[in-house]
Amino acid sequence: MRKNILVVTKGHPFDKPAFSELFDSMRGLTWTHVEQPAALHLFHPDAAKEFAAFVLYDVPGVEFRTPEPPVLRDPPEHFKRGFEALLDQGYPLIFLHHAMAGWPAWDAYAEVIGARFFYQPGSYKGCAYPDSGYVFPVKHRVRPVAAHPVTAGLEDGFEIEDELYLFQMLEDDIVPLMRSDHRFVRDNFYSAALALKARMWSREGWEHPEGSNLVAWARRARNSPAVAIQCGNDASAYRNEGFRKLLRNAIDWATSEEALTWARQH
């Protein structure tokens, strides 16, 4: 029986034909594409029954107004309740690239991911954080750091040209899967807040501590297995065979009984 996955987008530009081909190429899978805000109504156990997993490639809760600061919005209450119900029931979640910036006004969402990209200086659970960094395109090598179903067949890693983020992990209880050989320090990135002020490629006056070089990890989100993959900015990344293998592994593992059993071991 084919697995049907829900792919959620909107909030960040991307190459739609190339992105669609990425999922069309996955044998044994069907996929349903829904944009925000319509996707909000599918985040509930009753509406999600036909989907084996959610692959999130959206940036909800952020209204960009360059050169003005973005407006950060809370999720609607029905979404919060539905999302938490999904976690309780063990629905698998895969977060791709800019999805790590979603719902920046709701700490519970970042807790599920284990990280957050800050478009402007912000806070998480009462701690202040600077705006995050970005840089692209970067050619770097990604290598597995754990023997895990998500890294199966990627023992030598892979080279990819992609966008990278400079941020700090927010939670300690994650399973590291892949690391980049790029140096995640302030001088190798640019300020996201300055970019939104129409000052792309600037780090003037911006400071950020050294960040994590983790580009893929897993974590338990209540009873749900969640996988976060920082790769996936554009068509070059979508066509990368290593990235395709990593994403397919993540989907296959997150939707397995093994992953569900693991997630429920609190």
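Select R116 first, in the loop between helix 3 (107-113) and strand 7 (122-124). Helices (H or I, at least four residues) and strands (E, at least two) are DSSP runs, numbered from the N terminus. The model is predicted: local features need pLDDT of at least 70, side-chain atom pairs count only at pLDDT 80 or more, and totals for chains, interfaces and linings use all residues. Residues are numbered from 1 along each chain as its sequence is written, and side-chain values use heavy atoms, with hydrogens and water left out.

R116 has 0% relative accessibility, so it counts as buried (under 20% relative accessible area; exposed is over 50%, partly exposed in between; 1.4 Å probe, protein chains only). Show the backbone oxygens next. That of W106 lies 3.0 Å from a polar atom of the R116 side chain. That of P104 lies 3.3 Å from a polar atom of the R116 side chain. Beyond four places in sequence, they include M100, D107, Y124 and F167.

Move to the largest nonpolar core, which has 47 residues. Such a core is a set of buried Ala, Val, Leu, Ile, Met, Phe, Trp, Tyr and Cys residues joined through side-chain atoms within 4.5 Å. Select helix 6 (residues 241-254): it gives the most to this core, with 7 residues. I251 is among the residues with the most contacts inside the core. Leaving out residues up to four places away in sequence, I251 touches I5, F23, M26, L29, V55 and I94. Apart from this core lies another, of 43 residues, including F117 and I174.

Finish at M200, in the loop between helix 4 (192-195) and strand 13 (214-221). M200 is partly exposed, at 41% relative accessible area.

Notes
A polar contact is a pair of N or O atoms within 3.5 Å; within protein, one must be able to donate a hydrogen and the other to accept it, and residues adjacent in sequence count only if both atoms are side-chain atoms. Contact means heavy atoms within 4.5 Å.
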